[in-house]
Amino acid sequence: MPKLTIDGIPVEVEPGLTVLQACERAGIEIPRFCYHERLSIAGNCRMCLVEQEKAPKPIASCAMPVMEGMVIKTNTPMVQKARRGVMEFLLLNHPLDCPICDQGGECDLQDQAMAYGMDHGRYEENKRAVRDKYMGPLVKTIMTRCIHCTRCVRFATEVAGVEELGALGRGEHMEITTYLEKALASEVSANVIDLCPVGALTSKPYAFNARPWELRKTESVDVMDAVGSNVRVDTRGREVMRVLPRLNEDVNEEWISDKSRYACDGLRRQRLDRPYLHRDGKLVPVTWREALGAAAERLKAARPERIAAVAGDLCDAESMFALKGLMASLGVGNLECRQDGAKLPASSRADYLFNTTIAGIERADACLLVGTNPRWEAALVNTRLRKRHLMGGFKIAAIGPALNLTFPVEMLGDGPKALVEIAAGTHPFAQVLKDAKAPMLILGMGALARPDGAAIYALARKLGEGLKREGWNGFNVLHTAAARVGAMDLGFLPSGKLGDIGAVLDAASGGGLDVVYLLGADEIDMKRLGKSFVIYQGHHGDAGAHRADLILPGAAYTEKNGTYVNLEGRAQLAMLASAPPGEAREDWKIVRALSEAAGKTLPYDTLGALRQAMVKAHPSFAHIGGVEPASLAAFNGAAGAPGSGAFAYPIANFYMTDPISRASTTMAECTEAFLNGSAPLGADRGTGTHG
Amino acid sequence: MSPAQAKFEFTAANLAEAKKIIAKYPPGRQASAVMPLLTIAQKQNDNWLPQAALEYIAGLLGMAPIRVHEVASFYTMYNLAPAGRTQVQVCTTTPCWLRGSDAVVQACEKALGIKCGEVTKDGKFGLKEVECLGACVNAPMMQIGDDYYEDLDAASTTKVIEALKSGAKPAPGPQGGRKTSEPQGGPTTLTTLSFAEKP
């Protein structure tokens, strides 16, 4: 390993590292704009210049590989002068509009100009002005501020996989733009806003809304998909102003999807802020006492087998555990969390987890996607698959309708036929999986949420058992709902005679159910709930609330402390960032209060006590932030012959999949721009200095 | 962004030529052929590259259209808007300017009836001021198509342009009478050297 000296400190680093990385290991900060550890090296901003002994001029440390015996100096007058010079050049054409720039307060250029720049500029000519570009409804551009670091271009090309951003012209006339000024068609496009070291690319929905120092920052997790991206929720007062990614190498690295980032404006609209009861043909506001009394009365009056409870896609584990406890004390066995009717068994955790783990994708060498479009169902799993593809030597095939995953995928047919052949070993791809050192299979809800889902699961599972290697489990289920794995872990599943959501709805429409308790469940067909008394506990006036006879207003994911288990089986904590609106309450408290009203008081009064009870009953919740590897036992479920119909992917519109994103105006704009392909409304034409 | 022209495709001969160029690069590196292909396309398409041509070449080389557009917008010899079938490029960098390129530009403007950066109404000629073309020894000079016309003054420039306008092709090279870049007025050194064959 090369040994080098940095500012007199001897350092030994792995070969292949750059001088900049070696400096970081030695604890020395090197200023930079274009360099980013997750992108390729461009070396065009020149801010990272350092002095190398025996070199005639300063070197760009981000692009210089370490060599044995190098002597690097980062604090000499030469380096300081070089940095001041580079900074002066970068600022030549940069407008002095910090007071009206949204990046102000979190701007690399601002910070580094303070730390390394001169106290004045010597440039007296006119600065250049660049016309703003249209990049879609999410990314606002003020291109006069651009310093041409090309981070956004490299992100779009490498990570997002949409080669639409580029730098046109040269020298003084260089401009960053999307091809033909179209919207940047990627599910992770808004990450360029975080990457932009200046205020050239800023957040359009958040424009001029707040300054960073006004915001209270809460570290939390995202619930827009089952990935469980780590996020930071920034609030001002009660309002969630924005959501930003938080670093977690095992889950989302440092990216989040556009939905995770921008659905938060949906938290302000369509909210349920007080209890409502259906009286004389319409919903009327009532007090909590009345509402809980009415619910308890109905639950006590009905026979247990004529009650059902359905948990939704955004529920925290605590509320589901409490509701399960309440239902158990009432003797109700008709519980269900698989709103889409996915035929998922739960005999052991490995049955329904993404066992390879998201980071594990990088070790795989072959992959078969079955009935899943990861680009929409879990955008960050897709970026991992793409990352693995770019490393080379990755064979990936898919069964399902045509896909564009931003990397080439071999399509093996659109229905179960190819899966049958691969399971039987007669398909050429079976050999690929057999020969692979770390093969993986990703089974999506598109293959399971259909009448022959159980047969397809059995087939895929049988195939998955053949993908086990030493220290490797290649069987993966790709969930789409943030609450699903937590609900499966808690056993929020039928133990009564109504075996799945279809049976629950059939019973309800046939008059076989008196009370249906919807815990944030909005994705089922409400028309089929028949004449049953529907209690809806949730936070948005969506499908469930429209059908409800009684509404108990709950809290959204930013408004409660809750546990969410992501598709890998990783339990993570969402933190309360702001209080729920009006009279809405945290969900587990509502269930606890209802249990008291129903005379079946649950044995916990605090969240801590609830969590203790939950961990005792379900030990997998004890390990917050980590994944407990689950072993894949032999599957003994009934196999059958799958049908022949093509798989249908579960998500029709990436931007609207749950009550929060459906209430979001930003997501509505994205739907308009990306799905309906409408022309940009009044493309931005200013220059930032156009007055 | 270049104006709309709906379709572009190489002629059979140009496609064969393009394939030959592409074959020079190892598999997976076809993008290296982008510059010669742009040149061929520009020659085929009246000396400019419409959007359709950029996209056609992108398709041919398996590149994203933005990557081709980046290249085409970086280099000044690619025209992204109609630039005249015959492009007159007058060098006005210091050596040519010292030797009277202003007069050459004026003569061109007068003979063609357009200003620098414009195209004649019939689309036949485009006039452009360019930076050094590397023929300073024969300054002032201009490039027309692939040919250099050197040692110019107002009169000889007008003559060349008028000849081109009438459809003739004036002889390229120095217009002042000397041969290539030999010293003006005959050799000044090595005058005693004899090239006569030894007996």
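Let me begin with chain B, in which buried residues make up 42% of the 199 residues, where buried means under 20% relative accessible area, exposed means over 50%, and partly exposed lies in between, with a 1.4 Å probe and protein chains only. Please keep in mind that this is a predicted model, in which local features need pLDDT of at least 70 and side-chain atom pairs count only at pLDDT 80 or more, while totals for chains, interfaces and linings use all residues. As for conventions, residues are numbered from 1 along each chain as its sequence is written, chains are lettered from A and ligands numbered from 1 in the order in which they are written, and side-chain values use heavy atoms, with hydrogens and water left out.

The C-alpha trace of chain B spans about 60 × 50 × 30 Å along its principal axes. Its accessible surface comes to about 11,200 Å², and 56% of that belongs to carbon and sulfur atoms; these areas come from the Shrake-Rupley method with a 1.4 Å probe, and for residues only the protein chains shown count as cover. Chain B has seven helices and five strands, which are DSSP runs numbered from the N terminus, helices being H or I with at least four residues and strands being E with at least two. Read along the sequence, they follow the pattern α-α-α-α-β-α-α-β-β-β-α-β.

The domain assignment of chain B gives domain 1 (3-74) and domain 2 (86-174), with bounds that come from an automatic or database assignment. Taken over C-alpha atoms, the centres of domain 1 and domain 2 of chain B are separated by 28 Å.

Let us turn to the sheet of chain B, an open one of five strands in the order 2-1-3-4-5 with mixed pairing; two strands pair if DSSP finds at least two bridges between them. The edge strands are strand 2 and strand 5 (173-174) of chain B, each of which pairs on one side only. Strand 1 (residues 86-91) and strand 3 of chain B pair in the antiparallel sense over three bridges, and the bridge partner of Val90(B) in strand 3 is Met142(B). Helix 6 (residues 101-112) of chain B packs on the sheet, touching strand 1, strand 2 and strand 3, and its direction makes about 155° with that of strand 1 of chain B. Helix 7 (residues 154-165) of chain B lies across strand 1, strand 2, strand 3 and strand 4 (147-150), running at about 5° to strand 3 of chain B. Contact here means heavy atoms within 4.5 Å, and the angles run from 0 to 180 degrees between N-to-C directions, with axes that are lines fitted to C-alpha atoms, for helices over the stretch in contact.

Which helix of chain B is largely enclosed by the rest of the structure? It is helix 4 (residues 65-74) of chain B, because eight of its 10 residues are buried, among them Ile66(B), Val68(B) and Val71(B). The buried residues of this helix pack against helix 4 (151-160), strand 7 (165-168) and strand 8 (175-178) of chain A, together with helix 2 and helix 3 of chain B.

Two loops of chain B deserve a look. Pro140(B) sits in the loop between strand 2 (125-130) and strand 3 (142-144) of chain B, and a cis peptide bond with omega of about -10° joins Ala139(B) to Pro140(B). Asp46(B), in the loop between helix 2 (34-44) and helix 3 (51-61) of chain B, has a positive phi of about 50° although it is not a glycine, and at 42% relative accessibility Asp46(B) counts as partly exposed.

Now to chain A. Thr406(A) also has a positive phi, of about 75°, although it is not a glycine; Thr406(A) lies in the loop between strand 18 (395-399) and strand 19 (410-411) of chain A, and at 13% relative accessibility Thr406(A) counts as buried.

Finally, chain A has an open sheet of three strands in the order 10-11-12, with antiparallel pairing. Strand 10 (216-221) and strand 12 (239-245) of chain A stand at the edges, each with a single partner strand, so one side of each is left without a neighbour in the sheet. Six bridges join strand 10 to strand 11 (residues 230-236) of chain A, where Arg216(A) stands opposite Thr235(A).
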